[in-house]
Amino acid sequence: MIVIALYLSIAMVTVAALLNVYRLIKGPDEPDRVLAIDTLYINAIALIILLGITLGTRMYLESALLIAVMGFVSTVAMAKYLKRGSVIE
């Protein structure tokens, strides 16, 4: 039963990631694209963690943490760029 739930979760998160890619490409303006990137890295973290659970290894947890840190930094940098026009003051 847990295997079916894992595969179903992976499929649903993959569909959510594909919808985020669509919003990233077709977004009406820049803030929508920034939110799509933010949500896309959250979906990537979920996929990596689900893959680690499916394979029964802890190796993927570190990569999920790295993606979380990089995603946070990139979201802050993009928000700062959209607000001020430059990232570094």
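Figure 1. Please keep in mind that the model shown here is predicted. To find Ile 37 in the view, look in helix α2, which covers residues 30-55.

**Figure 2. The chain as a whole.** Before we zoom in further, here is the setting. The chain has three helices and zero strands, and read from the N terminus its elements follow the order α-α-α. Its radius of gyration is 15 Å, well over the 12 Å given by the globule rule for 89 residues, so the chain is more spread out than a compact globule. Taken along the principal axes, the C-alpha atoms fill a box of roughly 50 × 25 × 10 Å. Of the 89 residues, 19% are buried. If you look at contacts between residues at least 6 apart in sequence, 46% of them join residues at least 24 apart.

**Figure 3. Helix α1 against helix α2.** Two packed helices are described by the angle between their axes and the distance between the axes. Helix α1 spans residues 2-26, and it packs on α2 at an angle of about 160° with the axes 9 Å apart. An angle over 145 degrees counts as roughly antiparallel, and α1 and α2 are therefore roughly antiparallel to each other. The crossing of α1 past α2 is left-handed. What classes of residue make up the contact of α1 with α2? The contact has 16 nonpolar residues, together with six polar and four charged ones.

**Figure 4. Helix α2 against helix α3.** Helix α3 takes in residues 59-84. The axes of α2 and α3 come within 9 Å and cross at roughly 175°, which makes α2 roughly antiparallel to α3. From α2, the residues that take part include Val 34, Asp 38, Tyr 41, Ile 45, Ile 48 and Ile 49. Across from them, the α3 residues include Tyr 60, Ala 64, Ile 67, Phe 72, Met 78 and Leu 82. Gly 52 of α2 and Gly 71 of α3 are also among the residues of this contact. Sorted by class, the contact of α2 with α3 has 15 nonpolar, four polar and two charged residues.

Figure 5. Ala 36 lies in helix α2, and its relative accessible area is 3%, so Ala 36 is buried. Beyond its neighbours within four places in sequence, Ala 36 is in contact with Asn 20, Arg 23 and Leu 24. Leu 19 is another handy reference point: Ala 36 and Leu 19 are 17 residues apart in sequence, and their C-alpha atoms are 9.0 Å apart. Is Asn 43 buried or exposed? With a relative accessible area of 11%, Asn 43 is buried. Not counting residues up to four places away in sequence, Asn 43 touches Val 13, Ala 16, Ala 17 and Asn 20. Asn 20 therefore turns up in the contacts of Ala 36 and of Asn 43, under the rule that contact means heavy atoms within 4.5 Å.

**Figure 6. Ile 25 on helix α1.** Here the view moves to helix α1, where Ile 25 lies. The relative accessible area of Ile 25 is 60%, so this residue is exposed. For a sense of scale, take Leu 65, which is 40 residues from Ile 25 along the chain. The C-alpha atoms of Ile 25 and Leu 65 are separated by 26 Å.

**Figure 7. Val 87 in the segment after α3.** Our last stop is Val 87, found in the segment after α3. Val 87 has a relative accessible area of 37%, so it is partly exposed. Which residues does Val 87 contact, leaving aside its neighbours within four places in sequence? They are Ala 77, Lys 80 and Tyr 81. Val 76 lies 11 residues from Val 87 in sequence, with 9.1 Å between their C-alpha atoms.

Terms used
Residues numbered from 1 in each chain as written. Predicted model: local features only at pLDDT ≥ 70, side-chain atom pairs only at ≥ 80, totals over all residues. Heavy atoms only, no water. Helix = DSSP H or I, 4+ residues; strand = E, 2+ residues; numbered from the N terminus. Axes fitted to C-alpha atoms, helices over the stretch in contact; angles between N-to-C directions. Parallel < 35°, antiparallel > 145°, perpendicular 65-115°, else oblique. Left-handed = near helix turned anticlockwise from the far one by under 90°. Nonpolar A, V, L, I, M, F, W, Y, C, P; charged D, E, K, R; others polar. Rg over C-alpha atoms; globule rule 2.2 N^0.38 Å. Buried < 20%, exposed > 50% of the residue type's maximum accessible area, 1.4 Å probe, protein only.
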